Amino acid sequence: MAILRIREIPDPLLREKSTPVEAVTDDIRALIADMFETMYDAPGIGLAAVQVGVPKRLLVMDIGEPAEEGGEPVKEPRVFINPEIVTHSDDDVPYTEGCLSVPDQYAEVMRPDRIRAKWLDEQGVAHDEMLDGMLAVCLQHEMDHLEGVLFIDHLSRLKREMVLKKLAKVRKERGLKAA
Ligand code: ZN
C-alpha cells in the first residue's frame, strides 16, 4: 500500500469528469487500498479517485468515530464504484463541509439529507440503498468530484472568494515556515 499525493486546487484534473470503472479488478482493489491509506493519513472522511490523480468513478468514505484519547478509532470503510443517485429528498439541510483538495477550509453547504443511491462495492456487488444524514451528504460531496465539481462551487461568489483568500493566506504562511 502507498500514500498517494492528493491533488489540490487549482489542479486542472479536479475539474475533469471521471469515467466509469469498466471492471472491478485487482488493480482497482489495489487503488482502493491506497486511497484508504491516503484518506486515513490525511486525515479525511472521503476521497474520490480523481483527487489522487485517477479520474475514474470510484470513491472511498469512512464516517466512523475518530479515536478517543488512548483508544482505537471505530472504522466504517465504505467503497462506492460507479455511484448514481436515484432519488433525493426535497428538503435541503446545511452541513459544514471541507475537502482534502481545498485544505483546511470549511463552509456550510445545502444539500438533500436523504438520497437513494446505487453503486458497486469492491467485490463488484451491486447495492441500492436509502442513505441519510452525514453519509448522504458525504456521498454527494464525493460524487460532485466525479463531475469536476468542488464544494466551494455551491457557495455564493462572496463566500467562495473568502475561502480562496483564506486558503492563499494559509499556503503563504506554510511557505514562509518551510523557508
Ligand atoms: Zn472533496
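Buried means under 20% relative accessible area, exposed means over 50%, and partly exposed lies in between (1.4 Å probe, protein chains only). The model is predicted: local features need pLDDT of at least 70, side-chain atom pairs count only at pLDDT 80 or more, and totals for chains, interfaces and linings use all residues. Residues are numbered from 1 along each chain as its sequence is written, and side-chain values use heavy atoms, with hydrogens and water left out.

**View A. Ser 18 in the segment before helix 1.** Ser 18 counts as buried because its relative accessibility is 4%. Leaving aside residues up to four places away in sequence, Ser 18 touches Val 50, Pro 55, Lys 56, Arg 57, His 145 and Leu 146; contact means heavy atoms within 4.5 Å. Helices (H or I, at least four residues) and strands (E, at least two) are DSSP runs, numbered from the N terminus.

**View B. An open sheet of 5 strands in the order 1-2-3-6-7.** The pairing in this sheet is antiparallel; two strands pair if DSSP finds at least two bridges between them. Strand 1 (46–48) and strand 7 (126–132) are the edge strands, each pairing on one side only. From one strand to the next, the twist averages 40 degrees. Helix 1 (residues 26–41) packs on the sheet, where it touches strand 1, strand 2 (58–62) and strand 3, and its direction makes about 40 degrees with that of strand 2. Helix 2 (residues 133–146) lies across strand 1, strand 2, strand 3, strand 6 and strand 7 and runs at about 150 degrees to strand 2. Axes are lines fitted to C-alpha atoms, for helices over the stretch in contact, and angles run from 0 to 180 degrees between N-to-C directions.

**View C. Strand 6 and its two partners, strand 3 and strand 7.** Strand 3 (residues 77–88) and strand 6 (residues 114–120) pair in the antiparallel sense over 5 bridges. Glu 84 stands opposite Lys 118 in strand 6, and His 88 stands opposite Ile 115. Strand 6 and strand 7 are antiparallel over 7 bridges, with Ala 117 opposite Glu 129 in strand 7. These two strands form a hairpin with 5 residues between them, and Gly 124 in the turn has a positive phi of about 85 degrees. The covered face of strand 6 holds Ile 115, Ala 117 and Trp 119, while Arg 114, Arg 116, Lys 118 and Leu 120 make up the uncovered one.

**View D. The largest pocket, with about 530 Å³ of space.** A pocket is an open set of points on a 1 Å grid over the protein atoms alone, where a 1.4 Å probe fits, with protein on both sides within 12 Å along at least five of seven lines; lining residues have an atom within 4 Å of a point. Grid points are joined across faces, edges and corners, and a volume is the space filled by probe spheres set on the points. The lining of the largest pocket has 25 residues, of which Gly 44, Ile 45, Gly 98, Cys 99 and Leu 100 lie nearest the centre. Strand 4 (92–99), strand 5 (102–112) and helix 2 each supply at least two lining residues, and the largest share, 6 residues, comes from helix 2.
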